[in-house]
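I am keeping these notes for someone who has not looked at this structure before. Each entry records what I looked up and what came back.

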Amino acid sequence: MTRKIAAIFLLLALLPGAAALAAPLSDDSQACLDCHAQATPGIVAAWQASRHAQTTPAQAMKLGGLAAKLSASAPPPEALATSVGCAECHTANADSHPDSFEHQGFQVHAVVSPADCARCHPVESRQFQQNLMAHARGNLVDNPLYMDLAAQVNGVQQVDGAAIAVTPAEPNDEAESCIYCHGSAVRVVGQITRQTDFGEMTFAKLDGWPNHGVGRLNPDGVKGSCAACHSRHRFSMAVARSAYSCAECHKGPDVPAFKVYEVSRHGALFFAQHKDWDMNKTPWEPGKDFSAPTCAVCHVSLLADGEGNVIAQRSHAMNERIWLRLLGLIQSHPHPKSPQTSLIRNADGQPLATTLDGRPATAFLIDQAEQDKRRQTMRRVCLACHGQQWVDGQLARIDAVSQSADAMVLAASKLVRRAWQDGLAQGPAQGGSPFDEYIERLWVEQWLMHANGARFAAAMMGPDLGVFESGRWPMAKNIRQMQDWLIQRKGEK
Amino acid sequence: MTRKIAAIFLLLALLPGAAALAAPLSDDSQACLDCHAQATPGIVAAWQASRHAQTTPAQAMKLGGLAAKLSASAPPPEALATSVGCAECHTANADSHPDSFEHQGFQVHAVVSPADCARCHPVESRQFQQNLMAHARGNLVDNPLYMDLAAQVNGVQQVDGAAIAVTPAEPNDEAESCIYCHGSAVRVVGQITRQTDFGEMTFAKLDGWPNHGVGRLNPDGVKGSCAACHSRHRFSMAVARSAYSCAECHKGPDVPAFKVYEVSRHGALFFAQHKDWDMNKTPWEPGKDFSAPTCAVCHVSLLADGEGNVIAQRSHAMNERIWLRLLGLIQSHPHPKSPQTSLIRNADGQPLATTLDGRPATAFLIDQAEQDKRRQTMRRVCLACHGQQWVDGQLARIDAVSQSADAMVLAASKLVRRAWQDGLAQGPAQGGSPFDEYIERLWVEQWLMHANGARFAAAMMGPDLGVFESGRWPMAKNIRQMQDWLIQRKGEK
Amino acid sequence: MTRKIAAIFLLLALLPGAAALAAPLSDDSQACLDCHAQATPGIVAAWQASRHAQTTPAQAMKLGGLAAKLSASAPPPEALATSVGCAECHTANADSHPDSFEHQGFQVHAVVSPADCARCHPVESRQFQQNLMAHARGNLVDNPLYMDLAAQVNGVQQVDGAAIAVTPAEPNDEAESCIYCHGSAVRVVGQITRQTDFGEMTFAKLDGWPNHGVGRLNPDGVKGSCAACHSRHRFSMAVARSAYSCAECHKGPDVPAFKVYEVSRHGALFFAQHKDWDMNKTPWEPGKDFSAPTCAVCHVSLLADGEGNVIAQRSHAMNERIWLRLLGLIQSHPHPKSPQTSLIRNADGQPLATTLDGRPATAFLIDQAEQDKRRQTMRRVCLACHGQQWVDGQLARIDAVSQSADAMVLAASKLVRRAWQDGLAQGPAQGGSPFDEYIERLWVEQWLMHANGARFAAAMMGPDLGVFESGRWPMAKNIRQMQDWLIQRKGEK
């Protein structure tokens, strides 16, 4: 920081004619700052450090072509000449916002939705609606099988003698579990009047708040939260592009992407060097702006070489570079056609993309041509830094590991089915949940955690995670533990 | 580094009259450096890069008001005009140091205690003595129940046929376990004479050394080690303020604070951006100096807005912002009144803040008014960057998650009690340790690890950790495993 | 980056006579770049940012003495005057490269081996061949006992009624497991002809590719991959010296070095401060260039104080500073004499450095004098920043923890042997694998994971990892679980 100040000081001394670059603030946003600089100083100071505070849409429009950071052909005319301040987002589209309320002479809403961001970033907003993530809430809460699993995870268990009763978790407890990442339904449930430093004020009272899950259902009916990755109130591209941003929801054993990254060569380079990378450049140039991919490089960002040749187009519909679903229930399978996975039904009528035995629900999944196309898109990203044999060799390994992980899940599925058939546990056919008893939970871990460890480790090139930490060893041991349980329970041997 | 040198070089070239800023070294410290620059070059070089080496207390005193980094109204007069060098700390308060020994004409002690630091930082030193951490050693070793648990963790188990005997761990083994963080008792046990590069020398021989645990009992009888967080010999505020510093003792499953931070939005911002933050500013300004809280922001640091309005006062008695104890034995409860928790007795006479059923030892715990006051202090920190509904919504969730985690521990407690009652395990009533047998260890994991995962994840806003990695899933599975064990052992079903 | 550019701009403005520092490119490498700037832009851009691109060997030779980054007394004369570009490595030693193929008029090989790097770095290359890591592949695949374990980890298990059959994993699946770090055997298996943007081309077809494991067996018969730590194509010393580089293979529960570092004071300082460290300095000065050791500081790097006094000589034979082997099968033991550990046989004829009871295979292990010498070498590194009592106290604790961990493994070994003797599991004497059944896997975890956690935590000074996360608690619980299993299976109690 000191260095920066010194450098700027010197620069100004040498270039006395240098013009100030600051963007003018709108009167409305100035009115916000008049109180909020004191009321919420952290938000204001963070925003002041943002590109939104330092650029007007009109200025941003001048960065054309690949360098464009704004996809609207015509941003709202009234917002063109001032910085993107408080009012520009929190009073936008007031008519479609049931959470809008009168506040010091303005119609204000707290919950900014992707529709608000779409005023300047319509392409990204539209793409995101095609992203599985935008549907993360519905894909969970509209799938009865997943909701049964959630109940067995979050429910409060009460021991009464030998029996265990499960009470549903409180909404405030649920909000800190699956819903935190999948997204809450934010709804206006009345008004709240409060004494503040600036007198008595009335606000819209929100249910399901706070939440910034990727699949949040906003009061305006629009899905998603851009802040999930871009983080309020600096909305830094550098943050969204850093691998850290993804870790908030993609580190646990059910989806250990960041854990894989931590033991990958890609990650080693990022962690050791990203302080010197240009995380804000557009387009983003491999090898120059960064030395190794972050999550965004492979899954989202616009990449080009030094000559301006596009390596990969930006897309916020991240599925466009993914052909295989690795964390599908029970077995891996081609990616779903629609981002709304709760609509899928397998041959056994279950809301799953495969049967327990791995037969895919083909009608709901992308075909071979689409798989090849997406694989090719990802392949081009890899080829920026790796030779063809390297890339094709690596891709073949992802397939091999997925298949062996599927086989190891199948083995566990056979064992839990034997427990059900022999009356040692109560499965669906016996009217029980398949997810509550101990032996069933071992089975759940096989596909929801262990298999994912192996698959993700191969897919994101951090194999070490998939050997002992997660993946192979836990899968191999778990099968033997389930077998051992059956032997013991049946009194065999 | 190169850049810095270049910038300084240029600055000097442009401002030829600029005065050197270095602080003069005392003669005593110069005498230390004469040998130690060669004997322990790493220590000397690290100290040379420190603020202690570059500032005199007299210079520091000029930074008054909120910017003050030194709390003494009158630092020792003899130390005012020179930098804070080796001698200023390692020869201070020689009379109260049993570990002081004659060394090249000086009375020197190796173990600098908070009483030495208090010469310039008396407020922080005094506050720290009210901190639970200062009592971390006594709170462990003076609690017979905790010591039984420690013995079942650290003791060496010997298998003899079907029986297992537990031998206490060696002191050198213990020192690398609980005691490392809780703090050793450092005592002088004689003298040691050694041949050195500078001739034969005699030193005080220390037992319990090395150690820099927060609750260390120093030879001078004072509790604590400032180096636990501030790190020798640079004593960097930036290090203590970084989340990394806390990870040394707060990452394991018994207290997974850093693990939660790693999957929180706060953490994502810190990890991605802290290279550009001003980690040394006093007071510390949210949004400007940093974009997201580190541990210190919420629990320790002096925060103010850009106008100099105080958001939170600095306190090294970290309990001042904590109302609820989340990692209390068995069940959560209001914070203890005294930092000496080994004095607490519950209704069953155990040295615990609640009974196994969760009844709090109210007389030893802060009352509702004090809880509200502390909650309010923390709330103000949150409000710097979040609206009131956001903050109050989040705080309500901490309560909800604590309650459900408590309920899930209670379920496990009922199951282990059944094992004791049915004679399947030897609990306290049967004259056994409640912590040694397999079924008892499952119970221990329920409260000491799994429940903490859920509670901490909610309290520090990294919910993902509390769903599958720790918290809910392990709690829910563990209850079923304990039930399954009972079924099996009783031969039921 | 902006700062750097500003500073350079100013420097040039003030020093108009400053000469350009760029190194000339060879004609051959220019020919590579002509196509590859477009074909693999990421590689080219990363290389352009490297020291290899910016310096000629002749320039590097001028940095003599401790500052030397190049150990050849006479690098190849034809490579002296140009930068170290594509051709300098990928066409070097063509005669010894079976993977060399004709490519646009050049004899090119994709797999650069340590023999190629040895043209300029012969000392490092030679030392590395004495490193255990260079033999990581053979030490695994030539040890039948380890290969049995690998088969029980990677093999695909098929459930058929009560029986489980194990099918060997596919090579592409194996490549993503043990072999990824231990190293593949890269062999030429034919040719491959492909349509490219530059016309049809023919390449050597490689088996075992990609791989950059430390023990890779290259087509030229030479062992190792310098890129495993130094990372293509920037070959940054800063990356290899950062702890992140080691995490790729040293983070899992079998070798949790990086996990220990993450909870060590050393790690806290690295993570918080390394952005300001000089990670490229040679020699490396403790306290000035860095404030806390990374893995390389203790195990590899050349360290000197500010006067140029050597603290530790650089060595790529990392064993030179290690006297005790902590992750040896079953029990810790003195370091092996030869890096080829598959040649070791214990008193029971097994390819292990100790018997199951811990008797060392003394003839294959370094003697006390060599142990003392290595301990002394490491001790000198510690002494740069710590006093003698500190260091000796810490070293004594490593011994104590190793011994108690060995005792805790012995307890588990006795329990698994009882299972074998009582016919409850099929061990080697019964013609079974000692690694496949559930009770055997608990035993494997005791030494391969849990004991390592305690030992590594003490050795690398991050004790917290060895208490609950790994180490003591899992070891103590596991013994009770194994005992519980025996009680249950025998129907006792």
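This is a predicted model: local features need pLDDT of at least 70, side-chain atom pairs count only at pLDDT 80 or more; totals for chains, interfaces and linings use all residues.

Which residues are buried in α17(A)? The buried residues I found are A:R265, A:H266, A:G267, A:A268, A:L269, A:F270, A:F271, A:A272 and A:Q273. Helix α17 spans residues 265–273 of chain A, and nine of its nine residues are buried, so I put the helix down as mostly covered. I then looked up what lies against them. Within chain A, the buried residues of α17(A) pack against α15 (243–247) and α16 (257–262). From chain C, they pack against α13, α14 and α15 (243–247).

Entry on chain A and chain C. I listed 65 residues of chain A in contact with 76 residues of chain C. The area buried between chain A and chain C is about 6500 Å², and carbon and sulfur atoms give 57% of it. On the chain A side, I found that A:R265, A:R397 and A:R480 lose the most area to chain C, together 13% of what that side buries. A:R265 is also one of the buried residues of α17(A).

Entry on chain A and chain B. Here the contact takes 76 residues from chain A and 64 residues from chain B. I read a buried area of about 6500 Å² between chain A and chain B, with 57% of it on carbon and sulfur atoms. A:E176, A:P210 and A:Y438 supply 11% of the area that chain A buries against chain B, more than any other three residues.

Entry on how the copies are related. I checked the superposition of chain A on chain B: a turn of 120 degrees and a shift of 0.0 Å along the axis give an RMSD of 0.0 Å. The two copies are therefore related as by a three-fold rotation axis. The copies use different surfaces, since 7% of the contact residues of chain A recur in chain B.

Entry on C:R232. I located C:R232 in the loop between α13 (227–230) and α14 (237–241) of chain C. Is C:R232 buried or partly exposed? Its relative accessibility is 32%, so C:R232 counts as partly exposed. Leaving aside neighbours within four places in sequence, I found C:R232 in contact with A:H386, A:W390 and C:A227. I also looked up C:S50, which is 182 residues from C:R232 in sequence and 9.8 Å from C:R232 in space, C-alpha to C-alpha.

Entry on two helices of chain B. Helix α2 covers residues 27–39 and helix α3 covers residues 41–48; their axes come within 6 Å and cross at roughly 115 degrees. On the α2(B) side I listed B:L33, B:H36, B:A37, B:Q38 and B:A39, and these meet B:P41, B:V44 and B:W47 in α3(B).

Entry on B:H103. I placed B:H103 in strand β1 (residues 101–103) of chain B. B:H103 counts as buried because its relative accessibility is 15%. Not counting residues up to four places away in sequence, B:H103 touches B:H36, B:V108, B:M201 and B:F203.

Last entry, from the record. UniProt, in an unreviewed entry, places the feature "domain: Cytochrome c-552/4" at residues 31–121 of chain A. I looked up that stretch of chain A and found 38% helix and 7% strand, with the end C-alpha atoms 25 Å apart.

How values were computed
Residues are numbered from 1 along each chain as its sequence is written. Chains are lettered from A and ligands numbered from 1 in the order in which they are written. Side-chain values use heavy atoms; hydrogens and water are left out. Copies are superposed by least squares on the C-alpha atoms of residues with pLDDT of at least 70 in both. Contact means heavy atoms within 4.5 Å. UniProt positions are given in the numbering used here, feature names are shortened, and annotations may be inferred rather than shown by experiment. Helices (H or I, at least four residues) and strands (E, at least two) are DSSP runs, numbered from the N terminus. Buried means under 20% relative accessible area, exposed over 50%, partly exposed in between (1.4 Å probe, protein chains only). Axes are lines fitted to C-alpha atoms, for helices over the stretch in contact, and angles run from 0 to 180 degrees between N-to-C directions. Buried area is the accessible area (1.4 Å probe) that two parts lose on being put together, summed over both.
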